[in-house]
Amino acid sequence: MGNKKNNERKKKTHLPFRLNVLFFIIFLLFASLILQLGVVQILNGEEAQEEIDKTENQTTALPVPRGKMYDRYGRLLVDNQSLYSITYTPPKGVQAEDRLDLAKKLSQYIDKEFEDELRLRDLKEYFYLENQKEVQNRIDQEEAEDLEPGEVYQLELDSIKESEVNDYDNQTKEVIAIKKELDKAYALSPQIVKNENVTQKEYAVVGEHLNELPGIDVTSDWKREYPMGDTLSSFLGGITDRSIPRSKMEYYLSLGYSRSDRVGNSGLEEEYEDVLRGTKEKVQYTTDSDNNIVDTEVIREGERGDDLVLTFDSELQKRVNEIVRTELTKEVQRSYKNRHMEDALVVMSDPQTGEILAASGMHYNRDPDEDEQRVSNVSHKVLYDQYPPGSAIKGASVLTGLHTGVVSPGEYIYDRPLNIKGTETKSSYSQLGSVNALSALERSSNVYMFFIAMRMMGNPTFQENAPLSLEPGTFQRMLKHFHQFGLGVETGIDYPYEAPGVQGSNPGPGNLMDFMIGQYSSYTPMQLNQYVTTIANDGYRVRPHFMKEVRQPSKGDKKLGPVNSSFNTDVMNRVVMSNQYIDLVQNGFRQAFQGSQGTATSTFYPTNGENVSYSPAGKTGTAEASKLLDNGELFTELENLTLVGYAPHDDPEVAFSVMVPYVGKDLPMGGDKAINLRIGRQILDAYFELKEEREESGVDSDVTGSNNANNEDG
Amino acid sequence: MKFEQRFDWRLFFIMIALVVISCFAIYSAQQSGQYNVNFMVQQLIWYGLGSVMIGFMLLLDPESYKKVSLYLYIFGIILLAGLMVAPNELAPLRNGSRSWYIIPGLGSIQPSEFMKIFLILMLSKVVTDHNYRRKTADMKSDVLLLGKMVLVVIPPLFLIMLQPDLGTALVFLAILAGTTLVSGVAWRLIIPIYGAASFLGVSLVWLALQAPQLLDKYLNVQEYQLGRIYAWLQPFKYESSDGYHLIKSMRAIGSGQMYGKGVGGSEVYLPESHTDFIFSVIGEEYGFIGSCVVIMTFFILMYHLIQIAHRANYAFSSYVVVGILSMIGFHVFQNIGMTVQLLPITGIPLPFISYGGSALLANLIAIGLVFAVHFHQKTFMFNEGRLDE
């Protein structure tokens, strides 16, 4: 091989010279570049700069409409209403006659309100312009010479009699009204001629005739519109009114916003700001020394923001809103004991995907303001408000007990009041006798949960009237298990804010026993929903979410554009408990709703035979509650009523949580179920009724009108 | 010998200088806001990718590159031909040319950029083999060599003209011219051929100005295709069309004067200034001084390449380096020349400086070849009887 290369090497004796020639050519070419650069930059540089200075460049970013929001079936939730306006920017040196001409032309294209707009002087000014010569002759010329021009003009106007201007027809009056708007404009700054009720036709026609209307321009703007009213407004959030929030000024400016931009400042408008905002159109205007625009150059085409398809089923949402509203009102009004009750909260989701189907929160206003309704929509409270939920969380307690091995599936514990030194007597709502894991859930035994707590604390056997020992770290171990269900941690929902729940600190043995029956820590309805979803999902905790898809702006009028991205089901974790234990709890939940001794059985399978067909499962909850009143008094005769569940029990397609805080204690029920049960039954009924209706007649694509016919009361 | 001694540190530092210049220039260019993209970061990612590629390229010696050159050449031709038959989703029409493959999820690649490298390798192989086999240097042998070289250039040239992409076609011709010059073909052949080619070029421009109808009649060149030449010579007459870029570019570079307007001081808006017209931004913001620094950096690179071609003791290596030198040299001259009215405008980027994945990657592969030549030189060094530094 070396020999071959040697041969090849010998053959290239010509190379050094040729390379030098090549290098010389390169040298010449590069030298010519530098020479030419010298000519362009040094010899002619100043000229080029003068050329630039003659004109001035100004870059403007024009706002584009925000993305819209739809519900899961493509029904419009947030729209942009176009606002058109017609503006007038007078060139320098425009005379009144020019403006009158312009007003006459413009009156052919637009309608202008003139009733109550015109004063006598306006009419006279018009008369003057139309009959200038004649009016000027009415004045004594010699007298006029000594006067200021303004005074002369006043005299001239005075000489016009009312009768001369009184019989102007409507057409003329309209011209006068338009001219009056034009007269208000200052040179070179835009004045709005008409911006209210500009029709699309006016906008288009004026736009077509801009060349014969010097100074006139048409612009378009938009404002947010909510075709479904306040059905979901609490979540949709709001946008600022032509300013970016002062507190985040630097942040938004660095993202290319300008100070007068509208940005989402709450709810989903804020959460998905980057999706909804769109891309501004960037235009460079080149103006000469007279400020005339000599060149307009679009540097970047703008594009409207992307649309959001949300997970809500607005039809279901409407029905749930109505159920919650009706039940809350009825409950508050039926007993004096409910005088401190104010909210009822519901979350419904698809357990398999984490999609929120409906989330409703209603607030009862005892002293409504004039423009306020008795019951107002406060749906966001399902994320913001947290209360101890009571027994609803016992699924997590039993799983914790089973997993840590302090109780076993077959073990029976005798449910009776427990006397413990240092705390008050602890018991279930009545003495239930022997219960195992299954019946403890069906019948909501507190004592069973107390035993789990006591054993985790390091008390393998219970001794009457003895103090309890408490191993350090017990609370942390309990929390670690509860967190896996989303209880006491953020659910991870796509929303700017969610309350993480209140865990409590440094609890004693009695507190830890209460913790296991949901009487110590507080949770939001959304957390409860995630918890019951995790049990429905065989232990997989999915992230709840409001966004289903992001879609590109549609080209046509109504249809949705192509999908840009979609929210994939996000499994946040799988609880550590084995499938066998989860099956057991699912069974317990089914027993609680369907078993002969279940705490919710009479609601879903009442004796009057109005049984449900969707096989629900879940858990009831009642927590003792106290409320700090405005007068500083702590009112304790209250309960938080909750209900969590899902249906059908074997293949859950809907999961829900209901929370009604501060219901009066020991209410006279008068044959009625408690409010948490009433709401629970009705929202599940509503879900499955809707499903049935849709199987028969498809999805109703327009539910903007009132659609409350299907609501049952009570 | 150790890696530190075999590695071409000079070339490495020249490349670092070019990376720095590229970052400054692209950063300046993207201030116009034509696209909401941070091209500077993307360019650095491409540089990173190219560096890794160069690292792998060091593993092969020039002999190996020579062995694969025919296959690479055929591969390149297939890619270019594929553009003509590929469906629209795969090879879309962009700016009137079909030059790109879209690779879903990765982006787009421009096969013509890589064809340049393959062509350099193939031409070098042809020349090396020819010179090895021939017995005597006579006219007949020279004509035969020239014939072979032209045959190698014609297929890619033809496919490029189909796209159409005049700029790249000219680069192919520049590579051919450079390689021919060092191939050993006698001066008495080279001088007439180069002379004839120059004459042809000049007369075409003259015809375009004086008698465009003749071009239309005999060469089927439409008048609008000559717009670039008209705009080059009389930009203000064609300000609204072909002259637009030139006027803007001249105004930008000119107003930079001696010292430039500083980073972000640009006043002239030029579309696509981060790619083909990056030199206009350099001229405006960094002035005559900055522009000269850029040109001098390229000149040092050219000088270094000549040195390597000199020292290489394997003929193939020298030819490859000369081919690369011709390619980069022509790119630089054409690109800068068009921004200052020295040459008509063609869509050719400034190597290593302009933003662009395929072009940058191809140029880095070229530099990788140079690194490899230097890296594997030691084997024959003692045959030469002289020590490298």
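So, salt bridges between chain A and chain B: the rule, which asks for a side-chain nitrogen of Lys or Arg within 4 Å of a carboxyl oxygen of Asp or Glu, finds 1 across this interface. The partners are B:R251 and A:E51, and their closest N and O atoms are 3.7 Å apart.

Before I go on, a word on the model: it's predicted, local features need pLDDT of at least 70, side-chain atom pairs count only at pLDDT 80 or more, and totals for chains, interfaces and linings use all residues. Side-chain values use heavy atoms, with hydrogens and water left out, residues are numbered from 1 along each chain as its sequence is written, and chains are lettered from A in the order in which they are written.

Okay, back to the interface. Polar contacts there come to 8 residue pairs, both residues at pLDDT 80 or more. By polar contact I mean a pair of N or O atoms within 3.5 Å; within protein, one must be able to donate a hydrogen and the other to accept it, and residues adjacent in sequence count only if both atoms are side-chain atoms.

Which elements of chain A each supply at least two residues of the side that touches chain B? Those are α1 (2-10), α2 (15-43), α3 (45-54), β6 (281-287) and β7 (293-300). Helices and strands here are DSSP runs, H or I with at least four residues for helices, E with at least two for strands, numbered from the N terminus. It's α2(A) that gives the most, with 23 residues. And if you sort that side of chain A by residue type, you get 21 nonpolar, 12 polar and 13 charged.

In terms of contact, meaning heavy atoms within 4.5 Å, 46 residues of chain A meet 67 residues of chain B. The buried area is about 5000 Å², with carbon and sulfur atoms giving 67%; that's the accessible area, 1.4 Å probe, that two parts lose on being put together, summed over both. A:R18, A:F30 and A:Q41 supply 15% of what chain A buries against chain B, more than any other three residues.

A quick look at chain B itself. We have 15 helices and 2 strands there. Of its 389 residues, 56% count as buried, where buried means under 20% relative accessible area, exposed over 50%, and partly exposed in between, with a 1.4 Å probe and protein chains only. Take the contacts in chain B between residues at least 6 apart in sequence: 69% of them join residues at least 24 apart.

Chain B also has an aromatic cluster, formed by B:F3, B:F7, B:W9, B:F12, B:F13, B:F371 and B:F375. Rings of Phe, Tyr and Trp (its six-membered ring) pair if their centres lie within 6.5 Å; planes under 30 degrees apart count as stacked, over 60 as edge-to-face and the rest as tilted.

Over all chains, the structure holds 35 aromatic pairs. Let me show you two. In A:Y128 and A:Y153 the ring centres are 5.0 Å apart and the planes sit at 80°, so that one's edge-to-face. A:Y128 is in helix α5 (residues 120-130) of chain A and A:Y153 in helix α8 (residues 149-158), so the pair ties together parts 25 residues apart in sequence. A:Y128 is buried, at 9% relative accessible area, while A:Y153 is partly exposed, at 26%.

The other pair is A:F235 with A:F546, and it's tilted: 4.9 Å centre to centre, 45° between the planes. This one links distant parts of the chain, 311 residues apart, with A:F235 in helix α12 (residues 233-236) and A:F546 in the loop between β14 (540-542) and β15 (547-551). Relative accessible area is 0% for A:F235, so that residue is buried, and A:F546 counts as buried at 0% too.

Last, two loop residues of chain A. A:S615 lies between α25 (601-604) and β18 (617-628), and at 16% relative accessibility A:S615 counts as buried. Its side chain makes polar contacts with the side chains of A:Q594, at 2.9 Å, and A:H649, at 2.6 Å.

Then there's A:N365, in the loop between β10 (355-364) and β11 (375-377), buried at 8%. What does the A:N365 side chain reach at 2.8 Å? That's the backbone oxygen of A:Q373. The A:N365 side chain also makes a polar contact with the side chain of A:H363, at 3.4 Å.

How values were computed. Ala, Val, Leu, Ile, Met, Phe, Trp, Tyr, Cys and Pro count as nonpolar, Asp, Glu, Lys and Arg as charged, and the others, Gly among them, as polar.
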